[in-house]
Amino acid sequence: MDRIFTLASRANGATSSAYVAAQVAAHDHEQSCGDCGKPGPSVLMDDGWQGTVQNCPESDRLRRIQRAQYDSDHNGAPRVRTVSLTPDDQALLAAEVYDWLNARPGMHDQSTWVGPISADGIRLPAGKEPPAGITLCIAGAVCHLAGYDLHTEPVPAAVGPYRMTAPIPRTAARLLDLTEEQAQALFFTPSPLAMARLAELAHRP
Ligand SMILES: [Zn+2]
């Protein structure tokens, strides 16, 4: 799987292949650097105090390159964190996930976000083709295609920029722009029915 500009990465705020490449470079550095990801001071956000992480000067440099790419893609227009998908793009993203899972028989398993459930400490890096034996549910596949690392320990989570982590279903619901009911119907459903609903979202017969 190439680290290219996909609809899923666009739903996550990416703007071009060059932007995705800059984001991946910074993300890869922060994942492997011993000085990045240390707990920083908490900040007061709308939903209460939130922890932050501190990163090293090299991370700052790579994130500056990423921001410069964004500004260049947008001619300096104000930055937005995420872009809501149009209904057409939502259908295309659902189709992207549908085709990706269908092309990988045996990988789709709705019983766990990232599996197999018997394995300890799975870590699926963003942009890497999942190794044989790894399973993903629809929500896990959406997050993976959008450029998130997926971890199963300490809890199953999607890990994005600056090592910010969020539950896989919440992240996938945001990316796909689903209502809570739609997310329940898609993510907490056994395989054949879940894939049928994904096909519906993708406007596939
Ligand atoms: Zn670092």
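Modeller: The conversation below goes through domains, helix contacts and some backbone details.

Biologist: What should I know before looking?

Modeller: This is a predicted model, in which local features need pLDDT of at least 70, side-chain atom pairs count only at pLDDT 80 or more, and totals for chains, interfaces and linings use all residues. Residues are numbered from 1 along each chain as its sequence is written.

Biologist: Which domains is the protein chain divided into?

Modeller: There is domain 1, covering 7-73, and domain 2, covering 87-201. Such bounds come from an automatic or database domain assignment. The C-alpha centres of domain 1 and domain 2 are 21 Å apart.

Biologist: How many residues of each domain are in contact?

Modeller: In domain 1, 14 residues are in contact with 15 residues of domain 2. Two residues are in contact if their C-beta atoms, placed from the backbone, lie within 7 Å.

Biologist: Which element gives the most to the side of domain 1 that touches domain 2?

Modeller: That is α2, with 6 residues. The elements giving two or more residues to this side are α1 (7-11) and α2 (17-32). Helices (H or I, at least four residues) and strands (E, at least two) are DSSP runs, numbered from the N terminus.

Biologist: What classes of residue does that side have?

Modeller: The side of domain 1 that touches domain 2 has 6 nonpolar, 7 polar and 1 charged residues. Here Ala, Val, Leu, Ile, Met, Phe, Trp, Tyr, Cys and Pro count as nonpolar, Asp, Glu, Lys and Arg as charged, and the others, Gly among them, as polar.

Biologist: Now the helices. How do the axes of α4 and α8 cross?

Modeller: The axes of α4 (residues 87-102) and α8 (residues 191-201) come within 7 Å and cross at roughly 140°. Axes are lines fitted to C-alpha atoms, for helices over the stretch in contact, and angles run from 0 to 180 degrees between N-to-C directions. Angles under 35 degrees count as roughly parallel, over 145 as roughly antiparallel, 65 to 115 as roughly perpendicular and the rest as oblique.

Biologist: Which residues make the contact?

Modeller: Helix α4 contributes Q90, A91, A94, V97 and Y98, while α8 contributes L198, A199 and L201. By class, the contact of α4 with α8 has 7 nonpolar, 1 polar and no charged residues.

Biologist: And α5 with α6, at what angle do their axes cross?

Modeller: The axes of α5 (residues 138-145) and α6 (residues 168-176) come within 8 Å and cross at roughly 65°, and the two helices are therefore roughly perpendicular to each other. The contact is made by A139, G140, V142 and C143 of α5 with I168, P169, T171, A172, L175 and L176 of α6. These divide into 8 nonpolar, 2 polar and no charged residues.

Biologist: What is the phi of D177, and where is D177 found?

Modeller: D177 has a positive phi of about 60° although it is not a glycine. D177 is in the loop between α6 and α7 (180-187).

Biologist: Why does D177 count as partly exposed?

Modeller: D177 counts as partly exposed because it has 17 C-beta neighbours inside 10 Å. A residue is buried if 20 or more other C-beta atoms lie within 10 Å of its own, exposed if 12 or fewer, and partly exposed in between, with C-beta atoms placed from the backbone.
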